[in-house]
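This briefing goes through one protein chain by topic. Please have the sequence and the model open while reading.

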Amino acid sequence: MNPERLPVPAVVRLPDGRFVYDDTPAAVVAQPQAPAPVVVQHIHHAPPDRTVQRIALGSGVGAGAVAAGVYFGPLLVGVLTAMAANLAILALLAAVMAWGVVTVVRSVGGSDGKAAAKHLRRKR
């Protein structure tokens, strides 16, 4: 604080006869103030991007359904992806094992093995 800018207290006599210091600024000049600028703010919300959210919001269901769609939607996609990957690996493993069995039966079995492989080929 700058001591030169402090108001100088004045002695004022109150109606009851007491003297008190008045430290309010003597001359406060009211400066014209410019009107506050008007801020027009447009807030754009992106539409829900998941079907569950659209259905829940459109039918008036509460926020719980929207939260469930947001939370469980990606979990469901993850679970289905994991299941599909496991099934693909199992299918590949079954194809490789069948190919191995057919190859071993052809090479080891002689004429009986060739007949069995031919019989399996016809069945497919």
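Which residue forms a salt bridge with Asp-16? The partner is Arg-18, and the closest N and O atoms of the two are 2.8 Å apart. The model is a predicted one. The protein chain contains three helices and two strands, and its elements follow the order β-β-α-α-α from the N terminus.

**Overall make-up**
- The protein chain has 124 residues, and buried residues account for 5% of them.
- The count of salt bridges comes to one.

**The hairpin**
- Strand 1 covers residues 10-13 and strand 2 covers residues 19-22; the two pair in the antiparallel sense over four bridges.
- Five residues lie between strand 1 and strand 2, which together form a hairpin.
- Gly-17 sits in the turn of this hairpin and has a positive phi of about 100°.
- Val-12 has Val-20 in strand 2 as its bridge partner.
- Arg-13 stands opposite Phe-19, which also belongs to strand 2.
- In a regular strand, side chains alternate between the two faces of the sheet.

**Tyr-21**
- Tyr-21 is a residue of strand 2.
- With a relative accessible area of 66%, Tyr-21 counts as exposed, because the cut-off for exposed is over 50%.
- Tyr-21 and Ala-10 are 11 residues apart in sequence, while their C-alpha atoms are 5.5 Å apart in space.

**The salt bridge**
- Side chains of opposite charge can pair when their charged atoms come close.
- The pair here is Asp-16 and Arg-18, with 2.8 Å between the closest N and O atoms.
- That distance counts as a salt bridge because the cut-off is 4 Å between a side-chain nitrogen of Lys or Arg and a carboxyl oxygen of Asp or Glu.

**The positive patch**
- Four residues gather in a patch of positive charge on the surface: Arg-106, Lys-118, Arg-121 and Arg-122.
- Helix 3, which spans residues 110-123, gives the most to the positive patch, with three residues.
- Arg-122 is found in helix 3 and is one of the patch residues.
- Arg-122 has a relative accessible area of 63% and is therefore exposed, as this value lies over 50%.

Note on methods: Residues are numbered from 1 along each chain as its sequence is written. This is a predicted model: local features need pLDDT of at least 70, side-chain atom pairs count only at pLDDT 80 or more; totals for chains, interfaces and linings use all residues. Side-chain values use heavy atoms; hydrogens and water are left out. Patches are made of residues with over 30% relative accessible area and no salt bridge: like charges are joined within 9 Å, nonpolar side chains (Val, Leu, Ile, Met, Phe, Trp, Tyr) within 5 Å. Accessible areas come from the Shrake-Rupley method with a 1.4 Å probe; for residues, only the protein chains shown count as cover. Lys and Arg count as positive and Asp and Glu as negative; His and the chain ends are not counted. The place of a charge is taken as NZ of Lys, CZ of Arg, CG of Asp or CD of Glu. Buried means under 20% relative accessible area, exposed over 50%, partly exposed in between (1.4 Å probe, protein chains only). Two strands pair if DSSP finds at least two bridges between them.
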